[in-house]
Amino acid sequence: MFVDRVLREAGYQTLTAKDGPSARDLVEQTGPPHILVTDELMPEMSGHDLVQWVRGRHPSVKVLYLTGYSDRLFDAKESLWQDEAFLDKPCSVRGLLQAVSLLLFRQLQVGLTSRLSPTP
């Protein structure tokens, strides 16, 4: 919910899924996202497995692993692929927006954080 709220308030369109299989179904129904934000540890499917599935069909999808389990992520894969990044949880609003901006635009987008309302 945090990621969805932050990205929506920054002007991004988002779709959310409760687990890996639901995310696969969503990609099949709506087409590939510009960026896939996933955790490594999820019910029923790892983030790494989800990314392999999505990128096997849509290689240009950019990926942001947002995880408190980066050790497990790098156990599953030796290094990040092109257009992949990871942030450790918990992360800040600014860190999330910077990571998304760098992946999508290869630069920081000025003013994204100014449109955010304060977090309680």
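Q: How many of the six residues of β2 are buried?
A: Six of its six residues are buried, so β2 is mostly covered, where buried means under 20% relative accessible area. This is a predicted model.

Q: Which residues sit on which side of β2?
A: Lys 62, Leu 64 and Leu 66 are on one side, and Val 63, Tyr 65 and Thr 67 are on the other. Both faces are covered.

Q: What's the order of the strands in the sheet?
A: The order is β1-β2-β3, in an open sheet of three strands. The pairing is parallel.

Q: And which are the edge strands?
A: β1 (35-38) and β3 (84-88) are the edge strands. Each of them pairs on one side only.

Q: How much are neighbouring strands turned against each other?
A: By 15° on average, with direction ignored.

Q: What holds strands of a sheet together in general, hydrogen bonds from where?
A: Strands of a sheet pair through backbone hydrogen bonds, and the pairing is either parallel or antiparallel.

Q: How many bridges join β1 to β2 here?
A: Four bridges join β1 to β2, which covers residues 62-67, and the two strands run parallel. Within this pairing, Leu 36 stands opposite Val 63 in β2.

Q: Staying with β1, is Thr 38 buried or exposed?
A: Thr 38, which lies in strand β1, is buried, because its relative accessible area of 4% falls under the 20% cut-off.

Q: What is Thr 38 in contact with?
A: Leaving aside neighbours within four places in sequence, Thr 38 is in contact with Gly 47, Leu 50, Val 51, Leu 64, Tyr 65 and Leu 66. Of these, Leu 64 and Leu 66 belong to one side of β2 and Tyr 65 to the other.

Q: How far is Lys 18 from Pro 43?
A: They are 25 residues apart in sequence and 8.3 Å apart in space, C-alpha to C-alpha.

Q: Now α5, how many residues does it have?
A: Helix α5 has 13 residues, 93-105. It reaches 18 Å from its first C-alpha to its last, close to the 18 Å expected at 1.5 Å a residue.

Q: Which residues of α5 are buried, and what covers them?
A: Gly 95, Leu 96, Leu 97, Ala 99, Val 100, Ser 101 and Leu 103 are buried. What covers the buried residues of α5 includes α1, β1, β2 and β3.

Q: What follows α5?
A: Arg 106 follows α5, and its phi is positive, near 60°.

Q: What about pockets, what volume does the largest have?
A: The largest pocket has a volume of about 1,200 Å³. It is lined by 37 residues, and Val 3, Leu 15, Thr 16, Leu 36 and Val 37 lie nearest its centre.

Q: Which elements supply at least two residues of that lining?
A: Among them are α1, α2, β1 and α5.

Q: Zooming out, how many helices and strands are there?
A: The protein has five helices and three strands. From the N terminus on, the elements run α-α-β-α-β-α-β-α.

Q: And what share of the protein is buried?
A: Of its 120 residues, 38% count as buried. Among contacts between residues at least 6 apart in sequence, 55% join residues at least 24 apart.

Methods:
Residues numbered from 1 in each chain as written. Predicted model: local features only at pLDDT ≥ 70, side-chain atom pairs only at ≥ 80, totals over all residues. Heavy atoms only, no water. Pairing = 2+ DSSP bridges. Axes fitted to C-alpha atoms, helices over the stretch in contact; angles between N-to-C directions. Expected span 1.5 Å × (residues − 1). Buried < 20%, exposed > 50% of the residue type's maximum accessible area, 1.4 Å probe, protein only. Contact = heavy atoms within 4.5 Å. 1 Å grid on protein atoms, 1.4 Å probe; cavity = no way out; pocket = protein on both sides within 12 Å on 5 of 7 lines; lining within 4 Å. Points joined across faces, edges and corners; volume = space filled by probe spheres on them.
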